[in-house]
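Here is my notebook from a first walk through this structure.

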Amino acid sequence: MINTENLFELVYILMDKKKVTARELSEHFGVSTRTIYRWIDSLCLAGIPVFSTKGFGGGIEIDGNYSLDKTVLTEDEKVSLAAAANAVSALSGDDASRAAAGKIRSLTKEKTDWLEVDFGAWNPLGAYIRTVFDVAKGAILKKQVLCFDYYSSHGEAGRRFVQPWKIVFRGQAWYLYGWCNQKEEARYFKLSRIQNIRNTRRAADIFEDSLAFKKSRSKELGKEYSERLKKEYRLVTLTVRIPQKDVWRIMDDYKIEENQASPATDPDVLTTVTFKIPDEVWLVTYLLSFGSSLEVVSPKRVKLAMEEEIKRMYQKIVQG
């Protein structure tokens with residue numbers, strides 16, 4: 001079965017490079033030259049003017065007057081592609097992205113704005129993250145080293161020099177993924193915790209697919225950061241009692257596994273909910289942010305930790 005994505009990429013290669021040998025294409029796609037010629041036959045059957053010439057200077061090429069026909073894609077594929085282009089345009093914010101999105105939208109008359117990406121958060125942080133995003137994007141595309149101050153969830157704070165690879169949206173936040181020169185490993189950096197970011201203009205020398213990085217991955221120090229997080233990320237199952245009107249705060253961040261009360265018209269009615277949350281140093285302060293409206297049912301150690309923190313808070317108040 002022929003991979004449609006490969007055929008689509010093949011057409012773009014031919015439109016961009018004008019003429020390519022079967023050997024070059026086979027090396028690019030990792031298939032045999034026989035497979036390449038089979039793909040060419042499929043394109044010809046689809047009405048795409050691809051032809052090959054033999055001898056010195058020969059190769060596979062596409063008619064110079066050909067433009068990617070709308071019929072190459074199904075209507076659903078056009079809509080999905082246009083929506084993705086709109087999102088990339090919103091993220092990149094440059095003229096080239098906007099122009100590309102406009103061309104792709106012209107492929108279909110169907111609704112293409114069903115997906116929207118907006119940095120305009122409900123607080124000024126959204127605009128700041130957009131600034132960090134733009135600086136990081138520029139460094140990634142130019143393969144240059146970034147410098148910034150970073151505040152980790154473990155309480156560490158310090159200057160970092162990072163060789164950036166990509167920007168990732170994971171969970172509910174944006175992250176920068178790259179090689180941290182200080183830690184000598186691949187790391188994720190949450191954009192909202194980055195301060196004073198700047199592009200050093202120095203050329204990066206460690207890349208995600210480079211030999212140096214591949215070698216380091218065989219060592220504990222250089223293991224894929226996300227894989228290590230999966231092993232080290234401790235979760236605790238919490239059961240709390242909380243007014244129904246405050247349940248949304250938990251739902252915004254965590255998945256409720258059990259809710260012992262059905263939605264009621266009285267927002268002050270108490271409900272008992274169970275959910276998993278990272279067992280990190282900020283767990284107690286997160287729970288205390290609910291004030292007196294939240295009561296921890298289990299586990300008991302979390303309840304005791306909250307009591308101790310409240311005592312320390314009280315001591316500071318009376319001493320102040």
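This is a predicted model: local features need pLDDT of at least 70, side-chain atom pairs count only at pLDDT 80 or more; totals for chains, interfaces and linings use all residues.

**Entry 1: Arg-170.** I began with Arg-170 and found its place in strand β5, which covers residues 157-170. Is Arg-170 buried, exposed or in between? I noted a relative accessible area of 41%, so Arg-170 counts as partly exposed. I also looked up Lys-190, which is 20 residues from Arg-170 along the chain. Their C-alpha atoms are separated by 9.7 Å.

**Entry 2: the whole chain.** Next I stepped back for an overview. I counted 11 helices and 12 strands in the protein chain. Of its 320 residues, 37% are buried. I then looked at contacts between residues at least 6 apart in sequence, and 56% of these join residues at least 24 apart. The chain exposes about 20200 Å², and 53% of that area comes from carbon and sulfur atoms.

**Entry 3: helices α2 and α3.** How do the axes of α2 and α3 cross? I found that helix α2 (residues 22-29) and helix α3 (residues 33-45) have axes that come within 8 Å and cross at roughly 100 degrees. Angles of 65 to 115 degrees count as roughly perpendicular, and α2 and α3 are therefore roughly perpendicular to each other. On the α2 side, I listed Ala-22, Arg-23, Leu-25, Ser-26 and Phe-29 as making the contact. On the α3 side, I listed Thr-33, Ile-36, Tyr-37 and Trp-39. Sorted by class, this contact has six nonpolar residues, two polar and one charged.

**Entry 4: His-28.** I stayed with helix α2, where His-28 has its place. With a relative accessible area of 48%, His-28 is partly exposed. Which residues does His-28 touch, leaving aside its neighbours within four places in sequence? I found Glu-9 and Ile-13 in contact with His-28. I also checked Leu-10, which is 18 residues from His-28 in sequence and 9.9 Å from it in space, C-alpha to C-alpha.

Entry 5: Strand β3 takes in residues 59-62. I saw that Gly-59 and Glu-61 point one way from β3, while Ile-60 and Ile-62 point the other way. All four are buried. Which way does β1 pair with β3? Strand β1 (residues 19-20) pairs with β3 in the antiparallel sense, over two bridges. Here Lys-19 has Glu-61 as its bridge partner in β3. Strand β2 (residues 50-53) also pairs with β3 in the antiparallel sense, over four bridges. I found Phe-51 opposite Glu-61 in this case. I noted as well that the hairpin of β2 and β3 has five residues between the strands, and that Gly-55 in this hairpin takes a positive phi near 90 degrees.

**Entry 6: a sheet of four strands.** Then I traced an open sheet, whose four strands run in the order β10-β11-β9-β12 with antiparallel pairing. Which strands stand at the edges? They are β10 (256-259) and β12 (295-298). Each has a single partner strand, so one side of each is left without a neighbour in the sheet. On average, and ignoring direction, neighbouring strands of this sheet are turned by 30 degrees against each other.

Arg-241 has Glu-295 as its bridge partner in β12. Helix α11 (residues 300-319) lies across β9 and β12, and I noted that it runs at about 150 degrees to β12.

**Entry 7: a cis bond.** Between β12 and α11 there is a loop, and Pro-299 is found there. The peptide bond from Ser-298 to Pro-299 is cis, with omega near 0 degrees.

**Entry 8: positive phi angles.** I ended with two residues. Lys-143 is not a glycine, yet it has a positive phi of about 55 degrees. I located Lys-143 in the loop between α6 (125-142) and β4 (144-151). Its relative accessible area is 47%, so Lys-143 is partly exposed. Asn-196 is not a glycine either, and it has a positive phi of about 55 degrees. I located Asn-196 in strand β8, residues 194-203. Is Asn-196 buried or exposed? Its relative accessible area is 55%, and over 50% counts as exposed, so Asn-196 is exposed.

Conventions. Residues are numbered from 1 along each chain as its sequence is written. Side-chain values use heavy atoms; hydrogens and water are left out. Buried means under 20% relative accessible area, exposed over 50%, partly exposed in between (1.4 Å probe, protein chains only). Contact means heavy atoms within 4.5 Å. Accessible areas come from the Shrake-Rupley method with a 1.4 Å probe; for residues, only the protein chains shown count as cover. Axes are lines fitted to C-alpha atoms, for helices over the stretch in contact, and angles run from 0 to 180 degrees between N-to-C directions. Angles under 35 degrees count as roughly parallel, over 145 as roughly antiparallel, 65 to 115 as roughly perpendicular and the rest as oblique. Ala, Val, Leu, Ile, Met, Phe, Trp, Tyr, Cys and Pro count as nonpolar, Asp, Glu, Lys and Arg as charged, and the others, Gly among them, as polar. Two strands pair if DSSP finds at least two bridges between them.
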